[in-house]
Amino acid sequence: MSRAFVKETEALDELPERLVSEHRNLVTPEGLALIEGEIKRLQEDLNAGRESDDRNAIARASHDLRYWSQRLATAELQPPASDASVVAFGARVTLERNDGRMQKFRIVGEDEADPAKGSISYVSPLAQALLGKAEGDTVKAGSGEAEIIKIE
């Protein structure tokens with residue numbers, strides 16, 4: 001066995017723990033399913049690593065499993081907003097930027113946020129600016145402003 005392989009294995013054994021957000025772990029039903037899916041996948045990876053006696057796979061899966069298990073334990077499932085007159089957690093918001101671009105975002109939990117796919121974390125600056133606002137209100141969005149066109 002080469003020394004390079006040993007160093008790689010040792011490095012995986014010493015992976016730093018993933019930082020857990022200081023914010024409440026609010027989740028949509030889809031976000032909760034995402035967390036549960038990650039745990040299931042990681043448990044399968046862990047079992048496969050154990051069966052093949054792959055220390056690297058075991059270390060990676062165990063490392064990520066600790067994070068996702070903690071996220072599941074602290075998850076606070078939020079019911080869908082019953083009132084679409086103001087922006088709330090889980091809402092889909094259509095914005096018109098001051099340059100004329102139209103954008104749609106859904107406000108979700110931190111683990112399910114993916115701005116490229118149209119979802120932003122409820123703790124992001126844009127979401128914080130939107131929460132509690134109504135259609136027609138203007139908010140700061142990046143270096144410009146945006147008007148709330150629609151809340152779903």
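## Getting started

A residue is called buried when its relative accessible area is under 20%, exposed when that value is over 50%, and partly exposed in between (1.4 Å probe, protein chains only). Helices (H or I, at least four residues) and strands (E, at least two) are DSSP runs, numbered from the N terminus. With these terms in hand, welcome to the structure above.

This is a predicted model, in which local features need pLDDT of at least 70 and side-chain atom pairs count only at pLDDT 80 or more, while totals for chains, interfaces and linings use all residues. Residues are numbered from 1 along each chain as its sequence is written, and side-chain values use heavy atoms, with hydrogens and water left out.

## Helix 2 and what follows

Let us begin with helix 2 (29-51). Helix 2 has 23 residues and reaches 33 Å from its first C-alpha to its last, close to the 33 Å expected at 1.5 Å a residue; the expected span is 1.5 Å times one less than the number of residues. Its buried residues are Gly 31, Leu 32, Ile 35, Ile 39, Leu 42, Leu 46 and Gly 49. An α-helix has 3.6 residues a turn, so residues three or four places apart point the same way. The cover over the buried residues of helix 2 includes strand 1, helix 3 and strand 2, where covering rests on contact, meaning heavy atoms within 4.5 Å.

After helix 2 comes Asp 53, in the loop between helix 2 and helix 3. Asp 53 has a positive phi of about 55° although it is not a glycine. With a relative accessibility of 63%, Asp 53 counts as exposed.

Five strands form an open sheet in the order 5-4-3-7-6, with mixed pairing; two strands pair if DSSP finds at least two bridges between them. Strand 5 and strand 6 stand at the edges with a single partner strand each, so one side of each is left without a neighbour in the sheet. From one strand to the next, the twist averages 45°; such angles run from 0 to 180 degrees between N-to-C directions, with axes being lines fitted to C-alpha atoms (for helices, over the stretch in contact).

Five of its seven residues are buried, so strand 4 is largely enclosed by the rest of the structure. Strand 3 (residues 92-97) runs antiparallel to strand 4, and five bridges join them. Thr 94 stands opposite Lys 104 in strand 4, and Leu 95 stands opposite Gln 103. The two strands form a hairpin with four residues between them, and Gly 100 in the turn has a positive phi of about 95°. Strand 5 (residues 119-121) runs parallel to strand 4, with three bridges between them; here Arg 106 has Ser 119 as its bridge partner.

## Nonpolar cores

A nonpolar core is a set of buried Ala, Val, Leu, Ile, Met, Phe, Trp, Tyr and Cys residues joined through side-chain atoms within 4.5 Å. The largest one has 18 residues, and those with the most contacts inside it are Val 87, Val 93, Leu 95, Ile 107, Leu 126, Leu 130 and Ile 148. Strand 3, strand 4, helix 4 (125-130), strand 6 (138-141) and strand 7 (144-151) are the elements that give two or more residues to this core. Apart from this core lies another, of ten residues, among them Ile 35, Ala 61, Leu 65 and Tyr 67.

Leu 95 is worth a visit. Not counting residues up to four places away in sequence, Leu 95 touches several residues, including Met 102, Phe 105, Leu 126, Leu 130 and Ile 148.

## Salt bridges

Side chains of opposite charge can pair when their charged atoms come close. The structure holds nine salt bridges, each a side-chain nitrogen of Lys or Arg within 4 Å of a carboxyl oxygen of Asp or Glu. One of them joins Arg 66 to Glu 17, the closest N and O atoms being 2.8 Å apart. This pair links distant parts of the chain, 49 residues apart: Arg 66 is in helix 3 (residues 55-74), and Glu 17 is in the loop between helix 1 (3-13) and strand 1 (25-27). Arg 66 is partly exposed, with a relative accessible area of 43%.

Another salt bridge pairs Lys 104 with Glu 152 (3.4 Å, N to O). Lys 104 lies in strand 4 and Glu 152 in the segment after strand 7, so the pair ties together parts that are 48 residues apart in sequence. Glu 152 is partly exposed, at 42% relative accessible area.
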